[in-house]
Amino acid sequence: MNKYSKLLAENHSLSRLCVDREKMDCKDILGEELTIEDCDVAEDVTIAGEVTTFSVYTFKEYPGKYVYGGLKLTDIAKDILKIAESDKISIDKMDIHIMLKSVETKNRNSFTDVLFL
């Protein structure tokens, strides 16, 4: 991708983390120890007529890939971004290790929980 295409992609993608990366599903990395390389929050995005907010993550163990996060990962991403800004540190230097775990409620609803390692 040339520099102009990259600039346009960064300005018009859901997140800067999606540019030049391939999407991966959270379910594909459940149970693995992951190191958060970077994260972002896509706020007030309209998808299929609904306005939503979600996170985007990249992990050290999966270069060239990104995942979209649900509610829990999005709340965590917001906190990570605040800490990085207030401490003036890049997210990859924070050395945050997590594991994603699928949890099922009594009502048979499932969600992804985040364990900090």
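**Charges and rings in a predicted model**

User: In this predicted model, is Lys23 buried, partly exposed or exposed?

Analyst: The relative accessibility of Lys23 is 39%. Buried requires a value under 20% and exposed a value over 50%, with partly exposed in between. Lys23 therefore counts as partly exposed.

User: Which residue meets Lys23 in a salt bridge?

Analyst: A salt bridge needs a Lys or Arg side-chain nitrogen within 4 Å of a carboxyl oxygen of Asp or Glu. The partner of Lys23 meets this condition, with 2.9 Å from N to O.

User: How many residues apart are Lys65 and Glu22?

Analyst: Lys65 belongs to strand 4, residues 65–69, and Glu22 to strand 1, residues 22–23. Lys65 is partly exposed, with a relative accessible area of 25%.

User: Which residue forms a salt bridge with Lys72?

Analyst: The nitrogen-to-oxygen distance in this bridge is 3.0 Å. Lys72 lies in helix 2 and its partner in strand 6, residues 110–116, so the bridge ties together parts that are 41 residues apart in sequence. The partner of Lys72 is Asp113.

User: Which residues gather in a patch of negative charge on the surface?

Analyst: One member, Asp92, is in the loop between helix 2 (71–87) and strand 5 (97–104). Asp92 counts as partly exposed because its relative accessibility is 41%. The residues in the patch are Glu33, Glu37, Glu61 and Asp92.

User: What distance separates the C-alpha atoms of Lys88 and Ser102?

Analyst: Lys88 is found in the loop between helix 2 and strand 5, and counts as exposed at 74% relative accessibility. Ser102 is 14 residues from Lys88 along the chain. The separation of their C-alpha atoms is 33 Å.

User: Is the aromatic pair of Tyr57 and Phe59 stacked or edge-to-face?

Analyst: A search of the whole structure finds 3 aromatic pairs. For Tyr57 and Phe59, the ring centres are 5.9 Å apart and the planes make an angle of 5 degrees. Planes under 30 degrees apart count as stacked and those over 60 as edge-to-face. The pair is therefore classed as stacked.

User: Are Tyr57 and Phe59 buried or exposed?

Analyst: A residue is buried when its relative accessible area is under 20%. Tyr57 and Phe59 are both buried.

User: Is the pair of Tyr66 and Tyr68 stacked or edge-to-face?

Analyst: The ring centres of Tyr66 and Tyr68 are 5.4 Å apart, and their planes stand at 65 degrees. Tyr66 counts as buried at 9% relative accessibility, whereas Tyr68 counts as partly exposed at 26%. Because the angle for this pair is over 60 degrees, it is edge-to-face.

User: Which residues do ring pairs link into a cluster?

Analyst: Tyr66 and Tyr68 pair with their ring centres 5.4 Å apart, and both belong to the cluster. The linked residues are Phe54, Tyr66 and Tyr68.

Notes: Residues are numbered from 1 along each chain as its sequence is written. This is a predicted model: local features need pLDDT of at least 70, side-chain atom pairs count only at pLDDT 80 or more; totals for chains, interfaces and linings use all residues. Side-chain values use heavy atoms; hydrogens and water are left out. Rings of Phe, Tyr and Trp (its six-membered ring) pair if their centres lie within 6.5 Å; planes under 30 degrees apart count as stacked, over 60 as edge-to-face and the rest as tilted. Buried means under 20% relative accessible area, exposed over 50%, partly exposed in between (1.4 Å probe, protein chains only). Patches are made of residues with over 30% relative accessible area and no salt bridge: like charges are joined within 9 Å, nonpolar side chains (Val, Leu, Ile, Met, Phe, Trp, Tyr) within 5 Å. Accessible areas come from the Shrake-Rupley method with a 1.4 Å probe; for residues, only the protein chains shown count as cover. Lys and Arg count as positive and Asp and Glu as negative; His and the chain ends are not counted. The place of a charge is taken as NZ of Lys, CZ of Arg, CG of Asp or CD of Glu. Helices (H or I, at least four residues) and strands (E, at least two) are DSSP runs, numbered from the N terminus.
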